[in-house]
Amino acid sequence: MTTSTKSNMYIAKEEKYGAHNYHPLPVVLERGQGVHVWDVEGKKYLDFLSAYSAVNQGHCHPRIIETLKKQAEKLTLTSRAFYSDKLGDFEEYICTLFGYDKALLMNSGAEAVETAMKLCRKWGYLKKGIAENQAKIVFAKDNFHGRTISIVSASSDETARADFGPFIEGVLKVPYNDIAAFEQLLQTDKDIAGFIVEPIQGEAGIILPDEDYLKNIKALCHKHQVLFIADEIQTGMGRTGSMFASYDFQDEKSESKPDMLILGKALSGGVMPVSVVLANDDVMLTIKPGEHGSTFGGNPLACAVAREAVQVIIDENLAQNAKQMGDIFMSGLRDIATRYSLIKTVRGKGLLTAIVIDCDEEDTLAWDICVKFKENGLLAKPTHGNKIRLAPPLVITADQVKESLEIIEKTMKLFDRH
Ligand SMILES: *Cc1c(COP(=O)(O)O)cnc(C)c1O
């Protein structure tokens, strides 16, 4: 491993003074612009993680940063004890744009998922009439929705759960992309209030369900008076080649539009933590003053930044670019995969893609490949052992896609078995 003294110094500090809850690649970043980041030695990289799809708009997007600076000098936090001139504006903007009655702003993705779980239970009691403390929420196996105790209660990942119990009650799990299993569950349990699901499973390794999966889920949910809740924290905001992976927000008759939509990550272009739950009045108004909140949730700085960040996606056609660049990237990856047997498969949608390395999940091969990617000027990180997620900022150009494919090919050559 060739890291310089300066990088090693910063790595040693995190190692010594920081909790060991992550295992980062050995690269220390200090600057970013568009698809690029630079380390403390001045080496430039293509960022193919995009902070887990939080920087879809590219690093330090000038319009978002300008908005941040302006609002930061004016007003940053009021708490929700008072109104602000930014919250209502943003709520109106996002509700009108995406087609929901109301928005509930939080900060991190996990908080928004927690909020959706609370809304789901409230609705279950107040509107569906589920008996006290009996409400259940269904999740898909191999999901990722965040790290709080209640969210990991729904996880099937032992690393995320071990020694964090006891877990919350009222959680059911079904296999992902299995309509029959979900239907059977709905038929046998009348206390189900909602189903929380990722339109594409991100952390699990970019797992795409069947074409009609979400449409069928929604139909089943409605038949059984159950809320269909999509966690688009990673898949949303243009990442998969359309604004959302679950529904077309410009199509009022969409048959897969979620009853609740959870957004985070690129909602602020990676500039600050902003998340939101969108829902209609029937759901949202079940929570009354004092029943839920957050000191920073919906702060004026977040609202100003998020509004600009969403508008950038629209003005710059980033979803469309994700589709076009994603197509070029995917055909390039498929081409590379034909030449290197250590690539088991490639998959994805838009610019949310993954290559699966032909090795056990416990093997360090995918990690070693990512270290070489880094040395060759591209940053990516394995998820669940043998899968390498490749998800650059959506502002990427065709030339930059070509450059990334060259780095990937060059790196694969080093690990070639033949
Ligand atoms: C990242 C992520 C979360 C959690 O968001 P945090 O901001 O890290 O709490 C939840 N759901 C999905 C699908 C995610 O990708």
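**Buried cysteines, paired strands and a helix crossing**

Trainee: Why does Cys-303 count as buried?

Mentor: The relative accessibility of Cys-303 is 1%, and buried means under 20% relative accessible area, with exposed over 50% and partly exposed in between (1.4 Å probe, protein chains only), so Cys-303 counts as buried. Keep in mind that this is a predicted model, in which local features need pLDDT of at least 70 and side-chain atom pairs count only at pLDDT 80 or more, while totals for chains, interfaces and linings use all residues. Residues are numbered from 1 along each chain as its sequence is written, and side-chain values use heavy atoms, with hydrogens and water left out.

Trainee: What makes strand S12 largely enclosed?

Mentor: Strands here are DSSP runs of E with at least two residues, and helices are runs of H or I with at least four, both numbered from the N terminus. In S12, 6 of the 6 residues are buried, so the strand is largely enclosed by the rest of the structure. In a regular strand the side chains alternate between the two faces of the sheet. On one side of S12 the buried residues are Leu-352, Ala-354 and Val-356, and on the other they are Thr-353, Ile-355 and Ile-357.

Trainee: Why are strand S11 and S12 said to pair?

Mentor: Two strands pair if DSSP finds at least two bridges between them, and S11 (residues 343-349) and S12 have 6, in the antiparallel sense. Arg-347 stands opposite Ala-354 of S12, and in the hairpin of these strands, with 2 residues between them, Gly-350 takes a positive phi near 60°. S12 is also joined to S15 by 4 bridges, again antiparallel, with Thr-353 facing its bridge partner Leu-390 in S15.

Trainee: How do you know that S3 and strand S13 pair?

Mentor: They share 2 bridges, in the parallel sense, and the bridge partner of Asp-47 in S13 is Leu-379. S3 (residues 44-47) pairs with S2 (residues 36-39) too, over 3 bridges and in the antiparallel sense.

Trainee: Which residues of helix H13 are buried, and what covers them?

Mentor: In H13 (residues 365-375), the buried residues are Leu-365, Ala-366, Ile-369, Cys-370, Val-371, Phe-373 and Lys-374. Their cover includes S3, S12, S13, strand S14 (381-383), strand S15 (387-390) and helix H14 (398-415).

Trainee: Why is H13 called oblique to H14?

Mentor: Their axes, which are lines fitted to C-alpha atoms over the stretch in contact, with angles from 0 to 180 degrees between N-to-C directions, come within 10 Å and cross at roughly 130°. That makes H13 oblique to H14, because angles under 35 degrees count as roughly parallel, over 145 as roughly antiparallel, 65 to 115 as roughly perpendicular and the rest as oblique. Where they meet, with contact meaning heavy atoms within 4.5 Å, H13 contributes Leu-365, Asp-368, Ile-369, Lys-372 and Phe-373, and H14 contributes Ile-407, Ile-408, Thr-411, Met-412, Leu-414 and Phe-415.
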